[in-house]
Amino acid sequence: MKVLVVGHGGREHAMAWKLAKSPRIQQVYVAPGNGGTAQDPDLINVPITDLSLLRQWVIDNHIGLTVVGPEGPLAAGIVDDFRSHGLRIFGPSQAAAQLESSKAFSKAFMHRHGIPTAAFETFTDPVQAHAYVDSRGAPIVVKADGLAAGKGVVVAMSLAQAHAAVDFMLQGDALDVAHNSGGARVVIEEFLQGEEASFMVMCDGKSALALATSQDHKRLLDGDQGPNTGGMGAYSPAPVVTAEVHARAMREVILPTLRGMEKEGIVYTGFLYAGLMVSPDGQIKTLEFNCRMGDPETQPILMRMKSDFFEVLLAATSEGLEHIEMNWHRRVALGVVMAAADYPMNPRKGDAIVGLPRDQEDAMVFHAGTTQRDSQMLTSGGRVLCVTAMADSVRQAQQKAYQTASTISFDGMQMRKDIGHRALKN
């Protein structure tokens, strides 16, 4: 069977890399792909981003399965369109993808169905939003309603930061937010104490199958300082997700979400990612939903996956997940993001990347914001690479990842030096 992965980031590179290992796959295509997928002899880039043209390409080339990586095509309705033409595709419908494409929809949905989350209010009027911030005080969290590539969240530790975030999101558009109907909106919610974890499952409309746990590092700088980003690194498994927390996440968040969607006339298929805040006593609240695998969590998760990713996806597109048992390496995988100059606000493009190492069994460099021009690899996005390594412990995986990354350089490169630090403290 021929398979298509839709997207151009590190998550999609990792998905395509893992799928290419399946003995049942004839060819893996990536649309549009990046510099890393272009140079991989097992992958072929398809330079198409228009969804209707891509659908026709899938029909013409007899693609047996399409997997959608990023949120943009999901919010645009790629799954509905492909299915209406009889094509097998894994991902949520446009209606289901509102869980990610609209934070206002997501928070209201959680409130309707009793899913634990932070107290919140939604605003379109800056005056009302500012008044609410003053009434609640700081710290407080301000979120852009639409898609913002993981950067539309400000954890404001002061009133001044909160007010600036409100103005920034309602009156400016530096984040390039994909606003929903009704224009710019913000969700303002209470600040939660605890440790974050990424809890991802695959859904086939009836069942949910949990993937390996992981933890993302959202802040730009060491020690979880600086602005929020799309993610500066991740590792798997996440010790904060104990067996009890895992059971609670399925019972209190994942299954109620699937049942709630069904009650509202929406069948949920695809990946579902719950960003959780785990309190010191093991209670959980849902920070957000994503309707796809996380990036950079996908890279360490798929490195640890022993199961055939293709077989699992086939089962997920045939309502067969209840019969699947996933197998995972007991080892730890850890990924370190190398980001471009001036990321996250205005990442610079076009810098030459040198020193890229060869792929290894326990160390991979997954490309995200790269493009190949002649024989040169150039930066073309905010998060450029994710250097991912697997070893017997968090410390060893961390050392292996940073050792692998040490040979790579490009002008203005930004990289945290403490990915995995929470696990090392536990």
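This note goes through several local features of the structure, one point at a time.

1. The model is a predicted one, in which local features need pLDDT of at least 70 and side-chain atom pairs count only at pLDDT 80 or more, while totals for chains, interfaces and linings use all residues. Residues are numbered from 1 along each chain as its sequence is written, and side-chain values use heavy atoms, with hydrogens and water left out.

2. Helix α8 covers residues 126-136, and its buried residues are Ala 129, His 130, Tyr 132 and Val 133; buried means under 20% relative accessible area, exposed over 50%, and partly exposed in between, with a 1.4 Å probe and protein chains only. Helices (H or I, at least four residues) and strands (E, at least two) are DSSP runs, numbered from the N terminus. Seen down the axis of α8, the buried residues fall within an arc of 160°, so they line one face of the helix, the arc being that of the directions from the helix axis to the C-beta atoms. An α-helix has 3.6 residues a turn, so residues three or four places apart point the same way.

3. What do the buried residues of α8 pack against? Their partners are β6 (120-123), β7 (140-144), α9 (159-171) and β9 (186-190), where contact means heavy atoms within 4.5 Å. Val 127 and Ser 135, on the other side of α8, are exposed.

4. Just after α8, Gly 137 takes a positive phi of about 80°. The peptide bond from Ala 138 to Pro 139 is cis, with omega near 5°, and Pro 139 belongs to the loop between α8 and β7. Another cis peptide bond runs from Ser 236 to Pro 237, with omega near 0°, and Pro 237 is found in the loop between β15 (233-236) and α10 (243-263).

5. Glu 319 has a positive phi, near 55°, although it is a residue other than glycine. Glu 319 lies in the loop between α12 and β18 (332-339), and is partly exposed, with a relative accessible area of 44%.
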